[in-house]
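This report goes through selected local features of one protein model.

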Amino acid sequence: MRSIWNGAISFGLVSIPIKLVNATENHAIHFRQIHLADGGRIRYRKVCELDEEEVSGGEIGKAYEDADGTMIPITDEDLAQLPLPTAKTIEIVAFVPADEIDPLQMDAAYYLSANGVPAAKPYTLLREALKRSNKVAVAKYALRGRERLGMLRVVDDVIAMHGLLWPDEIRAPEGVAPDSDVTVRDAELDLADALMDTLGEVDMDSLHDDYREAVEELIAAKASGEAVQPSESKDSGGGKVIDLIAALESSVRAAKKSRGEGEGEAESEEDMADVHPIKKTTQRKSTPQKSTPKSTGTKKSTASTAKKTAQKKTTSKSTSSKGSSSANSAKNQTSSGSRSTTKKKTAAPRKRASA
């Protein structure tokens with residue numbers, strides 16, 4: 001890997017020559033601006049505002065713009081005369097526990113490589129000291145015209161340095177938290193814990209940029225002249241949560257399903273919810289039919305219906321004839337074996353009517 005900075009680590013009176021190498025790389029796909037009419041490339045030209053002429057890089061210098069718009073020229077010679085002890089040195093100022101570094105301060109990451117054979121021994125000494133202490137080193141260094149703050153830690157067998165923002169560069173989170181007081185119930189916390197446990201851990205090396213892959217496929221398809229089919233985007237619901245408990249429960253089930261867990265449990269829950277209540281309802285309705293034969297039940301229900309009808313009709317003398325006709329129709333509907341019983345039961349209403 002190509003080094004971007006050469007200097008030394010100042011570890012007390014020990015100096016360790018090192019090279020600074022970028023530890024990260026950007027895989028983002030970059031686009032050019034074009035003229036839609038003819039596809040021509042759009043380029044930016046540096047033009048002076050006073051004479052409106054294009055200027056080259058050698059004619060361009062630095063200046064600080066004052067509050068009133070006045071430009072104050074600053075040359076490289078002016079900056080070189082400033083006292084900057086970390087211009088070529090990574091100066092370690094302290095060793096602190098790693099949890100004392102706020103992740104918000106993390107910036108770019110670099111690898112520190114020993115520069116030459118004589119640097120191998122002090123480099124290894126610092127690496128092993130960091131390992132055994134379980135601490136990180138806080139250091140100052142200068143890069144790209146400014147002094148910066150850094151954190152040194154061990155990654156495998158290499159000393160890595162993370163650029164840190166200065167503490168006064170971290171903004172306070174004012175007005176970011178919810179304005180109103182929100183109470184979270186224990187049941188909601190339990191479901192959130194269950195969701196966290198279900199999602200579990202992940203192999204960080206397995207994570208990749210799905211969007212970048214989709215863009216690469218799109219470019220390849222257009223380059224080969226293939227038709228591009230629009231992909232269906234998943235609806236995230238707009239971030240609206242109507243029922244937090246239901247959303248958490250659904251999330252737990254979805255997480256289990258994606259991991260192939262809880263499929264048998266889900267089926268048993270559906271059986272309990274859908275099948276069992278139906279079976280109980282059916283048994284209640286069918287209990288009289290199981291205890292009594294169908295033919296006997298039909299006769300008894302017909303006879304009792306006729307009796308009730310006859311008794312109701314006898315309460316009014318004007319409707320006695322209707323009662324007798326209902327009794328006669330009941331006789332015709334019953335079987336031949338129950339005719340005598342029906343006649344005896346219907347005889348009493350007739351006598352009362354005549355009296």
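## Elements and the nonpolar patch

Helices (H or I, at least four residues) and strands (E, at least two) are DSSP runs, numbered from the N terminus. The model is predicted. In that numbering, Leu 82 sits in the loop that runs between α1 (76–80) and β5 (89–97). Leu 82 counts as exposed because its relative accessibility is 51%, and the threshold for exposed is over 50%.

Leu 82 belongs to a nonpolar surface patch, together with Tyr 64, Ile 72, Ile 74 and Leu 79. The accessible area of these residues together is about 460 Å².

## The second largest pocket

What is the volume of the second largest pocket? The value is about 210 Å³. Its lining is made up of Lys 46, Val 47, Cys 48, Glu 49, Val 55, Glu 59, Ile 60 and Gly 61.

By class, the lining of this pocket has four nonpolar residues, one polar residue and three charged residues. Gly counts as polar and Cys as nonpolar in this division.

## Salt bridges

Side chains of opposite charge can pair when their charged atoms come close. In the whole structure, eight salt bridges are found. One of them joins Arg 45 to Glu 54, with the closest N and O atoms 3.8 Å apart; the cut-off for a salt bridge is 4 Å. Arg 45 is exposed, at 59% relative accessible area, while Glu 54 counts as partly exposed because its relative accessibility is 49%.

Another salt bridge is formed by Asp 76 and Lys 62, where the closest N and O atoms are 2.6 Å apart. This pair links distant parts of the chain, with Asp 76 in helix α1 and Lys 62 in strand β3 (residues 62–65), 14 residues apart. Lys 62 has a relative accessibility of 48% and therefore counts as partly exposed.

## A network around Lys 131

Which residues are linked in a network of salt bridges? They are Arg 127, Glu 128, Lys 131 and Asp 157. Between Asp 157 and Lys 131, the closest N and O atoms of the salt bridge are 3.4 Å apart. Asp 157 is in the loop between β8 (146–155) and β9 (158–164), and Lys 131 is in helix α2 (residues 120–133), so their pairing ties together parts of the chain 26 residues apart in sequence.

## Positive phi angles

Where does Glu 52 lie? Glu 52 is placed in the loop between β2 (14–22) and β3. The phi angle of Glu 52 is positive, near 55 degrees, in a residue other than glycine. Glu 52 is exposed because its relative accessible area is 65%.

Asp 156 is not a glycine, and its phi is also positive, at about 55 degrees.

Technical notes:
Residues numbered from 1 in each chain as written. Predicted model: local features only at pLDDT ≥ 70, side-chain atom pairs only at ≥ 80, totals over all residues. Heavy atoms only, no water. 1 Å grid on protein atoms, 1.4 Å probe; cavity = no way out; pocket = protein on both sides within 12 Å on 5 of 7 lines; lining within 4 Å. Points joined across faces, edges and corners; volume = space filled by probe spheres on them. Patch = residues over 30% accessible without salt bridge, like charges linked within 9 Å, V, L, I, M, F, W, Y side chains within 5 Å. Areas by Shrake-Rupley, 256 points an atom, 1.4 Å probe, with all protein chains shown as cover. Salt bridge = Lys/Arg side-chain N within 4 Å of Asp/Glu carboxyl O. Buried < 20%, exposed > 50% of the residue type's maximum accessible area, 1.4 Å probe, protein only.
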